[in-house]
Amino acid sequence: MIGKVKTIFVVMFLVVAISPLDSLTRVAYTRPGVMMKIPTTRTARSPYLFSTGFGAEIHNFSPFNVARGVYFQMDVTDRFTLGFSSGQGADTTSLVLLDTSQYVAPAEFGFHFQQRVYVRDNISFSLGLHDVVFENATENGLNLDTKLLSFFGVIGSEKPFGGYHLSTYIGFGTGGFSQALVTRESTAAADTTSSGSNVGVFAGFLLTTPFLPQWGGLDIVGEFDGSGINVGLRIPLTSDYRLGLGFTHIENLPTFSEEPYGADHPGFTIGLDMSVPRAAAVREVPGLPGAPSPIPEAAMLDTTLLAADYAVAVLRDSLRVSRYQTRNLGAEVAQLRQKSVTLDDSVNTLRLERGIGQKNLNRAMRHLSRSLRYFYSGDYREALQEVETSLELNPNLALAYARRGSIYYKLGDIQRATINWNLALKMDPEYDDVRNILKALHENRLKTTSFSTE
């Protein structure tokens, strides 16, 4: 399949090279890709299932003269892109006759093919063929206009910096990208002489900014399409819809209302596109509408899908918490004797509330409660950290010293355990549990435990 496509590219290139050049209806925001009129390339497959939209170029307001078109594109494989567009040019009648003109521009139906042939780091190179155009300009129905074929090669670079993401493109092409199409006069000259170039260059950049980040960011577009300079904005309306505004051939903007429509005539452009994402995941979207840097793919999804994904994540977290609580309850059931210590903690808490502020006491006891949960679950390092935090809030808690002694004992540090138990007994001489522990330790009735520091 890919080999046949490459063969078609070569044949089309030869046809273009020997065909005379003609003016080309090339409506902004109706070409495959994210730029106004030039092709693009990217290092990875598009995150979208397909993209579609429409665009218009207004070449005169009074009387009104406009070119319009629609497009559709999708990645058929990881490297091959297929597109379709349909457009209708503006009225080429002289300005003084536009009000009474009966001219109707022929409709065009075009196909676009593109193959990514090389990728390295943030650089990619693609070959393609745009504007395989069929026109209904004659009574014989649709006819292939070989003069509009545009074979091209394009190199792209994608680089994030700060909160911005810059994609740059430079390439060469025939047909609409040829320098011979700068003006109608040069086109006519190309038809009457064999001298001159049938291949031109194009270049452009797409700067994705951190403005409107919830929908992917606002894009600034600038390009030279082989015959003029175009500038524009791609404004996100939602994560899937973008409004395109801009000007084509701004170098000729002062003659906007003075010349009839031609290949180099300036125009005010407007377009709207919609992109349908493939799936809800996390992906990087460089060089496409809404891609400042590595960002969640959820940011590219419709807000309804975002809300559903968030709800699923909340439920998943709730299940994890429930499983953790179940393990804690099982540990408490296996250590019924330890529950009496918890009740003693509550009694001692009431006694200590008389000497310290209620706020710090509550905070200290919350850390002690957490330390007890970690202690029962065997996470002695976390339990020790919670006890240290509790002592920072209230250094007079005999219970905290007793708890710290128990933790050091579990960690195998008998000396520190003994010191902390003695401190607890010194602060509370009636602390019988600690007294009994010290007595059992002195009589070697406590069983030494091992603890892994990993």
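**Note on the predicted model**

1. Of the 454 residues of the protein, 44% count as buried, where buried means under 20% relative accessible area, exposed means over 50%, and partly exposed lies in between, with a 1.4 Å probe and protein chains only as cover. This is a predicted model, in which local features need pLDDT of at least 70 and side-chain atom pairs count only at pLDDT 80 or more, while totals for chains, interfaces and linings use all residues. Residues are numbered from 1 along each chain as its sequence is written, and side-chain values use heavy atoms, with hydrogens and water left out.

2. The secondary structure comes to nine helices and 15 strands; helices (H or I, at least four residues) and strands (E, at least two) are DSSP runs, numbered from the N terminus. Among the contacts with a separation of 6 or more, 58% are between residues 24 or more positions apart, a contact being heavy atoms within 4.5 Å. The protein has an accessible surface of about 23100 Å², and 60% of that surface belongs to carbon and sulfur atoms, as computed by the Shrake-Rupley method with a 1.4 Å probe.

3. Strand E7 (residues 150-161) and strand E8 (residues 164-173) run antiparallel and are joined by ten bridges, strands being taken as paired if DSSP finds at least two bridges between them. Their hairpin has two residues between the strands, and in this hairpin Gly 162 takes a positive phi near 60°.

4. Gly 156 has its place in strand E7 and stands opposite Tyr 169 in E8. The two residues are 13 apart along the chain, yet their C-alpha atoms are separated by 4.5 Å. Gly 156 counts as buried because its relative accessible area is 3%. Leaving aside residues up to four places away in sequence, Gly 156 touches Thr 41, Asn 122, Ile 123, Ser 124, Thr 168 and Tyr 169.

5. Strand E12 (residues 241-248) pairs with two other strands. With E11, the pairing is antiparallel over six bridges, a hairpin joins E11 to E12 through four residues, and Leu 233 has Leu 245 in E12 as its bridge partner. With strand E13 (residues 267-277), E12 also runs antiparallel, here over eight bridges, and the bridge partner of Leu 243 is Leu 272 in E13.

6. The two faces of E12 deserve a separate look. In a regular strand the side chains alternate between the two faces of the sheet. In E12, the covered face holds Arg 242, Gly 244, Gly 246 and Thr 248, whereas the uncovered face holds Tyr 241, Leu 243, Leu 245 and Phe 247.

7. Phe 247 also belongs to a nonpolar patch on the surface, together with Ile 229, Val 231, Ile 250 and Leu 253, and the patch has about 340 Å² of accessible area. Patches are made of residues with over 30% relative accessible area and no salt bridge, like charges being joined within 9 Å and nonpolar side chains (Val, Leu, Ile, Met, Phe, Trp, Tyr) within 5 Å; a salt bridge is a side-chain nitrogen of Lys or Arg within 4 Å of a carboxyl oxygen of Asp or Glu. Val 231 is found in strand E11 (residues 229-236) and counts as partly exposed because its relative accessibility is 32%.

8. In helix H9 (residues 432-442), Val 434, Leu 438, Ala 440 and Leu 441 are buried. They lie on the same side of H9, because they cover an arc of only 160° around the axis, the arc being that of the directions from the helix axis to the C-beta atoms. The buried residues of H9 pack against helix H7 (398-410) and helix H8 (414-427). Just after H9, Asn 444 takes a positive phi of about 60°.
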